[in-house]
Amino acid sequence: MSLITALQAGQQRASAASTWRRLLAVAPAVLILILVVFAAFFPGLFAEEANLRPNPGAVALPPSAEHWLGTDLSGRDIYTRIVFGTGLTLSVGIRVVLVAGLIGLVVGLLAGLGPRWLDAAITRVTEVLLAFPELLIALAVVAILGRGPESVVIGVTTALLPAYLRQGRVYSVLARSTGFVEAAKVLGVPRRRIAVRHIMPSVARPLLVLMILGFGSAVTTAAGLTFLGLGMESGVDEWGVMMQEGRNRLGDAWWITSMAGFALLITVVAVSWLGRWVARTVQRGER
Amino acid sequence: MTRTTAQRVGSRFLRPGALWRALGRRISAAALVLWGAASLAFLVLAAVPGDPVDIMLGPHSTASPEARADIRERWGLNLPLWQQYLLALWRPLTGDFGISYQQQRPVTAILAEQLPHTLLLAVVAMALAIAIAVGAAAFTRRGIFRSIVQLLEPVAVAAPTFWLALTLASVFSYGLGWFPAIGGNPVQQLVLPAIALAVPLAGTLGQLLRDGLDEADRQPFAETARARGLGTVGLVWRHTLRHAASGTVTMAGTLFGWLLGGAVLVESVFARPGLGRVALDAIMGRDLQVVMALVLFAGVVFVIITLVVDALVAFLDPRTRRGGDRA
Amino acid sequence: MQRSATRRSLRTTAAAIATTALLLGAAGCAPDQAAPGGELVWVIEGGNLANGHMDPHSSQLDVSAYTLRNVYDSLVFLNADGTFEPWLATEWAVSEDQRTYTFQLRQDVTFHDGTRFDAAAAVRNFEHIFAPETASAQAASSLGGERFAGAEATGEFELTLRLKDPFGPLLTNLSTAFVGFISPKVLDSASQDALRAGGPEVTVGTGPFKLTEYVPNQRLVFDRNEAYAWAPASLAQPNSVRLLDRLVVRIVPEESARYGALTSGQAQVATDVSQFTVDQLMAQADQPQSIAVNVSKSPGMPYSAILNWGRDVFADERVRDAFRLGINVEEAVFGVYRTGRQRAWSALSPSTPNAYDASLEGKYGYDPARAEALLDEAGWTERDADGYRVKNGKRLTAEWLSWLPFDDEKRALVNFFIADLKEIGFELRHEAVEGGEYQARYADGNGMILDFDITDWGFASLDADILRNHLHSKGRQNASQVADPALDALLGQAATLSAPEERATIYRQIQQWNAEHVAYVPIVPSTFEVLQIPSGVLGLQYDAYGWPLFHGVQYHGVG
Amino acid sequence: MIRLQGLTVRARNRVLVDDISVEVAPGECVALIGPSGAGKSLTARSILGLLPEGITAVAQEFTVDGEPVVQPASRVSEGATRHLRGQVISFIPQEAQSALDPLRRVGDEVAEPLRIHGLASRGEARDRAVAALAEVGLDEPALRARQYPEQISGGQRQRAVLASAQIAAPGYLVADEPTTALDPMLRADLIAALRARVEAGLGVLLISHDLATAARIADRVIVLADGRVVETGPIRTVLEAPQHPVTRALAAAATGEPLTGSRNESAPVVLEARDLTLHRTMPDGTTRATVSDVSLAVRAGSTLGIVGASGAGKSSVARLLLALETPTRGEVELAGEPWSRLAERERRGQRHRIQAIAQDPLAVLNPRWTAARSIAEGLPAMPRMQRAAAVDALLTRVGLDASLGQRRPGALSGGQRQRVAIARALAASPQVLIADEPIAALDPPAQDAILRLLAELRDRDGLALVMISHDIAALRRIADDLLVLDQGRVVAAGPAEAVVAAADPVTRALLQVAH
């Protein structure tokens, strides 16, 4: 799928394009994601686990036929580490957006439908979290819970939560004031059923879009934490860790950091491209 | 059942009464945020393992137990927790921000030294990001340029800040030597860090601005304006940019917080002085006084930014000036 | 080396671009090449210097010693060959029973704040070292700790030190910057916190430079002390030579930034640089305009893995032996350091004066078969699903704890050891934590916690007596929790003797003991690298640790 | 003279407008009439060169005042027509009231054509804008020029748009459905202004789906259907003797026969309200009585029409009757039992007895639900099979094909959506149906059909109908009794014809505007 055709496809105006043409616009992203997901669940398909073994004789070798993406400071094959690191890297991002999305939905509904004081309280808490720079919140949480994937997930989730809380609240307030919710009230539909059948879906959909678009910043914030030495333990096969390990050697062994960087970039771009396509489709469905 | 074209005849600009009430509400909300933030910070650091005395002594200190007790007493660490909490809240109100455990000197001195560097970097990065975003969104409304920019934006957003900073540093600073790794004049020191912070920001703001312009294009007034003979770019500069701007300005306000976080990464890569590194060391070293001061500083910046954003939005969108808080 | 060739061609183009940058009116102070004798920039990593370690008497960090050496002088100067030279003390005599040392002090020495240096000033300093609030982490113990009976001004310019028991390394330790002399006026007026925080008003000594500006975590600026005329003979320069006016020490945490500063001419001297960078430079040492590297092998304890006997895994000597034989240290060290360094074989580094036991070289190397046999013998016979050995349900696991910053080389070594031990079914897990957290898991107010099976460090020391701290049952640094009366006796005896040959024979026995009982596994001798631009810096000298001395440096500012 | 010959407009694969020719001479008004989707708007936009993305127009010949705009048989591009727009051909959009940029002052908007084509300096343009506002009849034009569109009334905004279109003295004006969304007073005002402009020599191309409005401005009319011209000629002949069936349907909708109900006194009172009053606090803190002392009663099988200008409190009354707002004073009873006084929890069980339909069905139907699912929401609990059958019965009941049940509101026409909303209301088998401006947003044929449906439901099922509208003419066709509201107060009430005959000033104004 050459770049040019992707550009032409992207350029078609959504309104007049047939479904086939719109699918073409998102094909490259879907292709990349399929590869990445397969690598996450079945790394064995793409690389042998044996190459993960540190090898003193092959420290910091440049990309070559034998080591497609070169080797790192402990002589491990970078390509193999990236493949085996896919699972952990993505699982951090996915767990963050899932937890944040869920909390955003529940708390958003509570704020939107609950009593006035609850709404005010939730808004205040969101503002407090917004006051902090995201990375510093994550840092503080990880400093308490110590290193490891779990505390990174909790730290990054706390840092990115405000956006989901606000979105959840805004959309539930919006949904509550729509005509069809009032019409359901006139029909005598009880409040709980209205909340479940009308309001929750119309809050869940935009949150889903935010989750897809938010995946990128979740993974990059986690990598930021690792870079500062507070994310995952060095030596673990994870893209953020690999980027951190090679940071002092960019002058000569640039591939140690950059290869993991490219892998992260391509995955996140593919996800956000898919996210925007889903957002447009959702929007068009409603217009 | 509501009519679309509400009829409002002659309501005057924001009347003074409403203005003060709005300001009062905003200040009380800000005070609440600051109090919340400070308490959260105190709880976080109280919960963090590790004894401040250890931090002060550093690894492998062979200081005797009496010496440790002496330090603990001098720093008031032997007081009960709630007393330390009240002290931690009360002291800043009296202007005394305490002394940093790590650097053993007044926190106000540390802040005064480091603040200008980070603020300068943040402001320059934000300005650069806005310029790039407006340029990207306003001039590529149609055709192949629009597709190219729409492809580049997610890449800019996705690029991890530190990775970008490292690459910029190794190519332009160590490799080509255009910008000195350390030293050099203030301008040279600012270029690469500002770019590293501005690129992800510009990507986000660019996407938001383009959505805003598309939305404005669909409004009836846009068609009327084009019917008067306005071209695509003219429509942007005379009409739609103002509409799209208020949403983008609000987002820029919230992203300012992200910027301060990003500064931590950029400052460590470019060995730049600044609050980023101070914050990192303070949190990692559980330096309570410094963290509390930083939290209050972040809270104040957040409040100022929200006020500035509201003023800008009111300027851009006169409708918000008409009474009533636009919740 | 290919990389530096392109670098040089790039530099010429960079110079062209840089000038255009100037033409663009980029406001800039004059480039850093000042007039001859002018200013020299030294970039360092800085570590915890800014965290209250600006008082040599209380700090234990190397960085405190080698930066503050420029401000504080010592009584005597230790030459590379182990002999002592007069410095602030013109001559000294040691009593028959080795318990009393009398020093005759120079009479022309003044502190930077004008106060005179005399016996009373010296005594005031020794009182400060042993004062409780100083909480001295190194200076006090280096003067013999409890053995130190006191200092007395037995004359206006005569200082007498008394010991409860003889202490061999006293003179050696007196030559370090940890026992530098701070102005008594400052000691009386400034608080201990202020001293630790440092700054021009409190960091006042008698040294060749005065601290004129200090911005924590950024830079220290030293200006020449015009009145300085009491340098040790081997450091002194004829006053016809134009010496350095100003020494700027910049703290740059990011290694690539330090290296970049040196190559782009922003700095003239750099330290704390990784072995890989050193190898790069060594390879291109012949080309002109290249960067000179001075690598000095640090005496004292090599970088080693310290095994904690107090926990069950390493309580069994066979398991300790298996651990040592199960890791291929030779191949690992070669993989990381290439030709730069050989592995360490004994509890002391080869460069430790009159103590190193060369006979241990080659003994107890990598022998996986023997290691497996030992583990079977020790009862770790079954294997679990992952191939690790198990004994009555518990897997054979060792927890290795280090403190940050933990450099790339050490991480690579640990990774190789993890892989080697996995081969023989021995699980090794490693974690590097923040200094404060490490200290919390190392010891608390009333003694050692040692919440780990293995930790790692190396300690530079001019005298083998450092082992007393680490192997003696009451040693402050005895993380192995060794308590062997015979060993204690040997250590005590070595400390009291003064004749080098006698001490050497005893230290050899001590090193044999460690090789046999494996308190700690030596990995690689520590080194201290100093990078400099040779054409720009003349007269840079090094002390016994290999730390740079700027007393006699002339700087001719090459473009 | 604008001459456009052989215009063909094509989307990617469908021909939308097939070989249409239009000519507009100065001082003449030509009307393009036809049902929605007939291609009227596309033809007008082709002349202006403002077609949506992805749609292209090719004209055999296109000249303005003799000057060829594009080469023969070539594409009418946006660039080629740009110099004409604003200077030679001006434009009035459908919703004139929201056609001004809310973020710019009215004066700047009006003066923009002068600035774009460089016909005046900034200062000069501002003065001519104030003059133009005065000329279209705005009071205090200097103040209005400095205000923002939001600060002036809908009528003033509409006149400002007209001023903006005329300021550069263009020869021609394209008006796209200018009157549809207006309430009667503003519609009459615009029609008079346009008529005056035509007599002054302006060539106007009017696009509308309402023959009645066209009849009052246009000289000649072109009737379009499915992108082709089906009939053309002078307005009078086409109106009196329509040839083509489409024209006939349009003509019939302009006049409608009465649909009043049985009006028997013996039927029970189903809905009664006494002294209803509602105070509402405005954003700036003051309180206003939107409804005061309104009393009404509706019998089963009869229709009460509530009429008044916009802002008279009609919708507030509807919300009080539906108990969506609690009255400050007064009470509502449903078939004799208390209704407004009930707590929401108790009232929920009774809610099925009074249902409502709204002006914009799109707002009250969940966009993500299919029509069938929305209708089913009104049904009481029943087994799945029975439920599907009930939905189909309701769809046919309101005149919709059962297959439409699977479509989402977005894929239905305005009339079809309103019928789905009615079906949902019927699902709850109500005694009373409140219809708030049910037909205002529909085109005349659809309006007529919905009125007939409501009348039929009332007569066959004995439903009590309360219909709220600003259009007294439509109400007279269906309402048995009338209630006239002004500033939240009842000004006149009683049998429809009696209220019309008594003709109090408010009613007279409403009547006068309706014709």
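**View 1. Strands 3 and 10 of chain D run parallel.** In this predicted model, strand 3 (residues 29-33) of chain D pairs with strand 10 (residues 220-225) of chain D in the parallel sense, over four bridges. Strands are DSSP runs of E of at least two residues, numbered from the N terminus. Two strands pair if DSSP finds at least two bridges between them. D:Ala31 has D:Val221 in strand 10 of chain D as its bridge partner.

**View 2. Six strands of chain D form an open sheet.** Their order is 7-8-9-3-10-11, with mixed pairing. Strand 7 (89-92) and strand 11 (228-234) of chain D each have a single partner strand, so one side of each lacks a neighbour in the sheet.

**View 3. Helix 1 of chain D packs on this sheet.** Helix 1 (residues 40-48) touches strands 3, 7, 8, 9 and 10 of chain D. Contact means C-beta atoms, placed from the backbone, within 7 Å. A helix is a DSSP run of H or I of at least four residues.

**View 4. C:Leu307 sits in the largest nonpolar core.** This core has 485 residues. A nonpolar core joins buried Ala, Val, Leu, Ile, Met, Phe, Trp, Tyr and Cys residues through C-beta atoms within 7 Å. Buried means 20 or more other C-beta atoms within 10 Å of the residue's own, all placed from the backbone. Leaving aside neighbours within four places in sequence, the contacts of C:Leu307 include C:Phe314, C:Ile454 and C:Tyr520.

**Notes.** Residues are numbered from 1 along each chain as its sequence is written, and chains are lettered from A and ligands numbered from 1 in the order written. Local features need pLDDT of at least 70, side-chain atom pairs count only at pLDDT 80 or more, and totals for chains, interfaces and linings use all residues.

Notes: Buried ≥ 20, exposed ≤ 12 C-beta atoms within 10 Å, placed from the backbone. Contact = placed C-beta atoms within 7 Å. Axes fitted to C-alpha atoms, helices over the stretch in contact; angles between N-to-C directions.
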